[in-house]
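Let's take a look at this model together, starting with a ring pair and working on to the core.

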Amino acid sequence: MKSENEFKMTVDAKSINEGFCRAAVGAFVAQLDPTVEELSDIKTAVSEAVTNCIVHAYNEQPGKIYIQVRITDGVYVSAKIRDTGCGIADVAKAREPLYTSVGGERSGLGFTVMESFCDVLRVRSKPGQGTTVVIEKRIFGKR
């Protein structure tokens with residue numbers, strides 16, 4: 001697939017930046033004229049991925065979140081959300097519904113939510129090196 005348009009951004013892994021990431025990705029995807037539901041799906045999945053970086057990747061230490069969003073073939077959106085934090089030792093376990101590594105009020109549904117709102121969810125991680133989440137969704141739009 002040929003990339004038609006893309007953007008990249010880097011933000012600090014702070015909760016105050018989650019809404020900004022959500023809005024920035026939503027504004028970029030708006031060029032495809034998605035339905036309200038399609039736009040909401042992508043924004044929700046990105047929010048979950050960014051929140052995972054903030055909560056899990058850096059263990060309350062400073063860190064960065066790297067986001068790259070591409071539009072291909074005029075209908076496909078691919079968003080890559082990456083951190084260079086602690087990584088995930090067992091990705092399969094982390095993707096199980098209700099599993100959380102931090103306990104407390106966390107529901108452990110981040111990956112489940114991402115998967116339910118997108119066509120494709122890929123998660124790669126190496127302990128001590130970080131995690132990359134890729135979400136893909138086809139936009140049928142209002143056409």
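Are Phe7 and Phe28 buried or exposed? Phe7 is buried, and Phe28 is too (buried means under 20% relative accessible area, exposed over 50%, partly exposed in between, with a 1.4 Å probe and protein chains only).

## Ground rules

This is a predicted model, where local features need pLDDT of at least 70, side-chain atom pairs count only at pLDDT 80 or more, and totals for chains, interfaces and linings use all residues. Residues are numbered from 1 along each chain as its sequence is written, and side-chain values use heavy atoms, leaving out hydrogens and water.

## The aromatic pair

There's 1 aromatic pair in the structure (ring centres of Phe, Tyr or Trp, the last by its six-membered ring, within 6.5 Å; planes under 30 degrees apart are stacked, over 60 edge-to-face, the rest tilted). Phe7 and Phe28 make it, tilted at 55 degrees between the planes and 4.9 Å centre to centre. Phe7 sits in strand S1 and Phe28 in helix H1, so the pair ties together parts 21 residues apart in sequence (helices, H or I with at least four residues, and strands, E with at least two, are DSSP runs numbered from the N terminus).

## The core

The largest nonpolar core has 37 residues, and Ile65, Ile67 and Ile81 touch the most other members (a core is a set of buried Ala, Val, Leu, Ile, Met, Phe, Trp, Tyr and Cys residues joined through side-chain atoms within 4.5 Å). Helix H2 (residues 36–57) gives the most to this core, with 8 residues.
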